[in-house]
Amino acid sequence: MHRRLFPRVLALVALVATAAAAGAPATAESPTPATTRLRAAIDTILADPRLNGAQASVVVVDTSTGQTLYDRNGDRRLIPASNTKLLTSTAALELLGEGHRFGTDVRTTGKRRGGLLSGNLYLRGGGDPTMLAADYDALAAQVAADGVRVVTGNLIADDTRYDRTRLGPDWTWDDEPYYYAAQVSALTVAPDTDYDAGTVIVHAAPADRAGAPAVVNTTPPTGYVRIDNRAETVATGETSISIEREHGSNTIVVSGQIAIGDEPASDWVTVWEPTGYAADVFRAALRRHGVRVLGRTVLGQSTPEAAHQVARHDSMSLGELMTPFLKLSNNGHAEVLTKEVGRVLSGSGTWSAGLTAISEYVADTGMDTGTLRQRDGSGLSRRNLVPATEFVDLLAAVRAEPWFTTWYAALPIAGQPDRFVGGTLRSRMAGTPAAGNVHAKTGSLTGVSGLSGYVTSADGRLLAFSILLNNYLTASVKTLEDQIAVALAGYDANGTAAARVAPQEVPDTPRTPEGVECSWVKPITC
């Protein structure tokens, strides 16, 4: 059987079997009393005034039988925001494999005479979004351990594994300085183990006396960005620090005030051209290890085939990367994986090639790709359109994949406070039957919210669901998603737990700046 037909065929087989057992024609069965109560509960939740004038699409399917328990506008194409990562992540695991790793190496064609290397040194990027300053330091240590002390040529930063299109299709200009919209390069740096590649963390601390400029530094330390420090230390008062990068440059303006004794203010800021950022960090590491490069830094040239390897670093496996990627809804990881899929499958590290491969894979799982549009890997584009029923088809089908256990565990889990367990759901649905139960991908843009994934019902059924809400004007509709998920957790097809299906109060979702997903607030507190 062609894999793309599986979810719909499964549902048909389940209906035929049910009808045959009852001696009735093979038609859609009447809902049980428990299913009727569930549908009424979800209808009540969706009647909330916050959704007046908005669009709501909700689909719930019992994955063991294929029975649709609820469908409200399931075929309506809506903006999915970060639910888009469900397509990108599953395709990456299938097409690249759980064991796939990104390699970063140092090569040369130069001739050696003692500690003198006559020629260029090539830093070749393999797309690794987890490269830290410490990893570049380890590469530099390997170069020094090889006996190199002086490089007469240039330091070539080779980012040619992917194309030079740095920002995703349709991304809005005003997102560009923020770390969730970092430029994508095959050679980049992440400042910490959230792995927000292509960003620096800027810290502003109070000086020891009022009237002095704030003390500003970056993680990692780098000369690639220029700090324009306009922030002042004050004796008392409310700390109000602004950290913004000027468009088209690496000048970061720090302004405002910070009171003596207050904790430093920090923010994650994208860099302009991450390839140069990586080269700067690596060049500084070489100096620390006693290796001088006499030439200049050159960006974007490819490494000659004849170049031999001097040092290498391999990333964590793709299976391991799924945890920071999905738990923290890391946009940069989604875009790198899109380009990597394109590079591996067609030799072209572009959004276009990657999205084509993703589309072909999800079509094979059962998604009707003629009903949807995917424009990037992360969901930051507002031109992405996916019906909820197609998400549910994907969720039902991938349970048969050999990597499903890894992927399922990497999804955010409701009410689990550890950031790398609960992820963007860690503060949601706590103390309800959904806590520790719901594994789902969140999504948020201004006027857009989504939650798609799995919940185990009260009678042990694994339900796949997708909730997409668009065009609302209120600050947040996350509690409505949570109420639906809690109702699903209480569902019992036999009716013994029917009382739990009624709409329940759930803890309010912590507020974030308008349109910003919890994972996009640093440090993550929601």
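In this predicted model, helix α4 (residues 133-145) packs with helix α5 (residues 274-288), and their axes come within 8 Å. The two axes cross at roughly 45°. The crossing of α4 and α5 is right-handed. On the α4 side, the contact is made by Ala133, Tyr136, Asp137, Leu139, Ala140 and Val143. On the α5 side, Ala278, Val281, Phe282, Ala285, Leu286 and Arg288 take part. Ten residues of this contact are nonpolar and two are charged. None is polar.

The structure holds eleven aromatic pairs. One of them joins tyrosine 224 and tyrosine 277. A pair of aromatic rings is described by the distance of the centres and the angle of the planes. Here the ring centres lie 6.3 Å apart. The ring planes stand at 15°, so the pair is stacked; the cut-off for stacking is under 30 degrees. This pair links distant parts of the chain. Tyrosine 224 sits in the loop between β11 and β12 (226-229), while tyrosine 277 belongs to helix α5. The two residues are 53 residues apart.

From α3, the contact draws on Lys85, Ser89, Ala92, Leu93 and Leu96. From α6, it draws on Leu318, Gly319, Met322, Phe325 and Leu326. By class, the contact of α3 with α6 holds seven nonpolar residues, two polar and one charged.

Strands form a further element of the model. Strands of a sheet pair through backbone hydrogen bonds, either parallel or antiparallel. An open sheet of three strands runs in the order β11-β10-β16. Its pairing is antiparallel. Strands β11 (215-219) and β16 (265-270) are the edge strands, and each pairs on one side only. Neighbouring strands of this sheet are turned against each other by 25° on average, direction ignored. Strand β10 (residues 199-205) pairs with β16 in the antiparallel sense over six bridges. Alanine 204 has alanine 265, in β16, as its bridge partner.

Definitions and conventions. Residues numbered from 1 in each chain as written. Predicted model: local features only at pLDDT ≥ 70, side-chain atom pairs only at ≥ 80, totals over all residues. Heavy atoms only, no water. Axes fitted to C-alpha atoms, helices over the stretch in contact; angles between N-to-C directions. Helix = DSSP H or I, 4+ residues; strand = E, 2+ residues; numbered from the N terminus. Left-handed = near helix turned anticlockwise from the far one by under 90°. Contact = heavy atoms within 4.5 Å. Nonpolar A, V, L, I, M, F, W, Y, C, P; charged D, E, K, R; others polar. Pairing = 2+ DSSP bridges. Phe/Tyr/Trp six-rings, centres within 6.5 Å; stacked < 30°, edge-to-face > 60°.
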